[in-house]
Amino acid sequence: MEFYRGRRLRNSVALRDLMAETTITANDLIMPYFVIETDDEDFKSPINSMPGQYQLSLKQLNETVKKAVANGLKAVLLFGLPKVKDPVGSQAYAENGIVQQTVRMLKQNFPQLIIITDVCLCEYTSHGHCGLLCEGDKQGLVINDSTLELLAKTAVSHAKAGADIVAPSDMMDGRVRAIRTALDEAGFKQTPIMSYAVKYASAFYGPFRDAAESAPQFGDRRTYQMDFRNQSEAIREMYADIEEGADIFIIKPASAYQDIIRMIYDRCDVPLAAYQVSGEYSMIKAAALNGWINENAIIMESLIGMRRAGAKLIITYFTEELLEKGLIK
């Protein structure tokens with residue numbers, strides 16, 4: 001019997017495309033944006049550690065999204081940078097906070113665009129942590145249960161502004177249940193929760209903290225984000241968020257955690273999103289700018305790897321670029 005000839009199905013681009021098992025379309029991608037509260041309506045500041053990404057005023061964000069939507073953009077994830085920060089992150093849940101303003105603007109101008117809002121306090125607190133802080137003998141520790149009320153208020157304020165999906169990223173225990181209860185009581189039973197269910201304490205977040213101006217003023221986030229050495233912990237976190245009522249589940253970071261994506265995909269019949277985080281983006285960009293790699297090829301290979309591992313959705317800073325170049329439709 002003749003040996004196996006796998007090359008028969010690789011002889012041309014058309015044949016390879018016909019046989020491709022894993023694909024990506026514009027419907028699978030979510031573009032994150034950083035919108036800043038400023039009196040300068042033309043504000044557009046490059047993020048040095050994330051080449052090609054910007055802090056944007058409302059006007060500049062609108063222009064950027066307009067172009068991206070024309071190229072096929074389907075969904076965005078919003079991060080807000082307020083003018084004023086305080087210990088309780090009050091601008092996170094303010095009726096006219098920067099994210100709330102942004103949601104109203106985008107829903108009016110792009111009604112078919114899916115708008116997802118990050119629900120956390122770190123961009124809004126003066127100390128940079130994702131929750132309220134203890135005082136006295138335990139000064140500096142993040143309070144879990146008291147933080148839940150503020151996260152729930154933030155989610156409801158986003159839903160009132162018109163957000164299609166709210167995405168809690170804080171990693172407080174019980175936050176999905178608190179948010180689900182608050183949304184339901186406020187009349188938003190149909191608003192989905194996209195939970196950062198499996199979020200590791202990762203060195204890959206460095207450039208994001210520059211972009212969102214959210215680095216902790218002291219300590220780190222290892223008491224509430226997951227230990228990257230752990231695998232089974234991801235299953236416990238996932239099942240907890242399923243039980244509490246989350247609808248979509250984010251695994252973050254993505255590239256170094258594809259074993260986690262696959263493990264959860266094999267065990268839990270839920271929609272999974274992989275977040276290709278800032279450090280992953282910046283490493284590819286830096287290598288491309290130095291001429292060391294084929295940027296387009298590396299981007300596509302990395303995203304296909306996440307899809308192959310089991311992610312239905314991918315949050316990536318490359319979304320806008322891929323659509324503009326026509327690499328994904």
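Which residue follows helix 2, and is its phi positive or negative? Select G72: this glycine comes after helix 2, and its phi is positive, near 115°. Keep that spot on screen as the starting point.

**Before you go on**

This is a predicted model, in which local features need pLDDT of at least 70 and side-chain atom pairs count only at pLDDT 80 or more, while totals for chains, interfaces and linings use all residues. Residues are numbered from 1 along each chain as its sequence is written, and side-chain values use heavy atoms, with hydrogens and water left out.

**Stop 1: helix 2**

Select residues 58-70. This is helix 2. Helices here are DSSP runs of H or I with at least four residues, strands are DSSP runs of E with at least two, and both are numbered from the N terminus. Helix 2 has 13 residues, and its end C-alpha atoms are 18 Å apart. That agrees with the 18 Å it should span at 1.5 Å a residue. The expected span is 1.5 Å times one less than the number of residues.

Now colour Q60, L61, N62, T64, V65 and A68. These are the buried residues of helix 2. Buried means under 20% relative accessible area, exposed means over 50%, and partly exposed lies in between (1.4 Å probe, protein chains only). Show what covers them: the list includes strand 1, strand 2 (44-46), strand 3 (54-56), strand 4, helix 3 and helix 11.

**Stop 2**

Select Y33. Leave aside its neighbours within four places in sequence. Y33 is then in contact (heavy atoms within 4.5 Å) with residues including L61, T64, V65 and A68. Also on its contact list are L56, L73, V76, L77, L78, F79 and E320.

Y33 belongs to the largest nonpolar core, which has 108 residues. Such a core is a set of buried Ala, Val, Leu, Ile, Met, Phe, Trp, Tyr and Cys residues joined through side-chain atoms within 4.5 Å. Y33, M194, V198 and I264 have the most contacts inside this core. Its largest share, eight residues, comes from helix 4 (residues 145-161).

**Stop 3: helix 4**

Select 145-161. Helix 4 has 17 residues and reaches 25 Å from its first C-alpha to its last, close to the 24 Å expected. How many of its residues are buried? The count is 12 of the 17, so helix 4 is largely enclosed by the rest of the structure. Among them are T147, L148, L150, L151 and H158. Show the packing partners next: helix 3 (98-109), strand 5 (114-119), strand 6 (165-168) and helix 5 (175-185). Then click G162. Just after helix 4, G162 takes a positive phi of about 120°.

**Stop 4: salt bridges**

A salt bridge is a side-chain nitrogen of Lys or Arg within 4 Å of a carboxyl oxygen of Asp or Glu. By this rule the count comes to 19.

Start with R307 and D28. Their closest N and O atoms are 3.9 Å apart. R307 lies in helix 10 (residues 295-309) and D28 in the loop between helix 1 and strand 1 (29-36), so the pair ties together parts that are 279 residues apart in sequence. D28 is buried, at 4% relative accessible area.

Move to D184 and R180. Here the closest N and O atoms are 3.1 Å apart. Both residues lie in helix 5, four residues apart, about one turn of the helix. D184 is partly exposed at 28%, whereas R180 is buried at 12%.

Next, pick E321 and K325. Their side chains meet at 2.7 Å, N to O. They are four residues apart in helix 11 (residues 319-325), about one helical turn. E321 is buried at 16%, and K325 is partly exposed at 40%.

**Stop 5: N96**

Select N96, in the loop between strand 4 (75-81) and helix 3. N96 is partly exposed, with 48% relative accessible area. Not counting residues up to four places away in sequence, N96 touches Q101 and R104.

**Last stop: M19**

Select M19, in helix 1 (residues 13-19). At 40% relative accessibility, M19 is partly exposed.
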